[in-house]
Amino acid sequence: MIAALCLSCSEQKAEITAEHAAKEYYDMLFAGDYAGFTAAMFFPDSIPETYHRQLIANAAMFAARQKEMHNGVREVRIIGCKTDSLSSTAQAFLLFCYGDSLKEEIVVPMTKHNGKWFMR
C-alpha cells in the first residue's frame, strides 16, 4: 500500500515538475534571459553555434513583439499538465496574461531527459 502511494506521488510530482519547468522557462524569456530560455530547449545532438545564436535572436524578437502588441506579458500562469510517463513527455498548459489585459492559453510540449524537463 505504501509503495503504491509513493509511486502515485512521484507521478504527480512529474506533472508538477513539467509544468513548473515550462513556466520557469517562459518567465526567463519575458524577463529578458533569452539564452536561458534557449538553453531549456531539447536538442538530442549538439547544434551549431550560428543556429544557437539565431534561436536566441528569435526569442528576443518574440518577446519584443509581445511588448509591442500587448504591452508585454505581465504574468505566466500554470493551467495544468498532461504527462505520459511511458514516453517521458508532457504537455504543459500555460496562460499568458498580457499588459493590455488580454489572455492567451498556450501548450508547451515537454520532454524529460536525464531527469530534467526541457521544451520540445
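**Exercise 1. Determine which residues have the most contacts inside the largest nonpolar core, and which element gives the largest share of this core.**

Solution. A nonpolar core is a set of buried Ala, Val, Leu, Ile, Met, Phe, Trp, Tyr and Cys residues joined through side-chain atoms within 4.5 Å. Buried means under 20% relative accessible area, exposed over 50%, and partly exposed in between (1.4 Å probe, protein chains only). In this predicted model, local features need pLDDT of at least 70 and side-chain atom pairs count only at pLDDT 80 or more, while totals for chains, interfaces and linings use all residues. Residues are numbered from 1 along each chain as its sequence is written, and side-chain values use heavy atoms, with hydrogens and water left out.

Step 1. The largest core has 25 residues, and those with the most contacts inside it are Y25, Y26, F30, F96, V108, M110 and M119.

Step 2. Helix 1 (2–30) is among the elements that give two or more residues to the core; helices (H or I, at least four residues) and strands (E, at least two) are DSSP runs, numbered from the N terminus. The largest share, 8 residues, comes from helix 1.

**Exercise 2. Describe the salt bridge between D27 and K23.**

Solution. A salt bridge is a side-chain nitrogen of Lys or Arg within 4 Å of a carboxyl oxygen of Asp or Glu.

Step 1. The closest N and O atoms of D27 and K23 are 2.6 Å apart.

Step 2. Both residues lie in helix 1, 4 residues apart, so about one helical turn separates them.

Step 3. D27 is partly exposed at 32% relative accessible area, and K23 is partly exposed at 23%.
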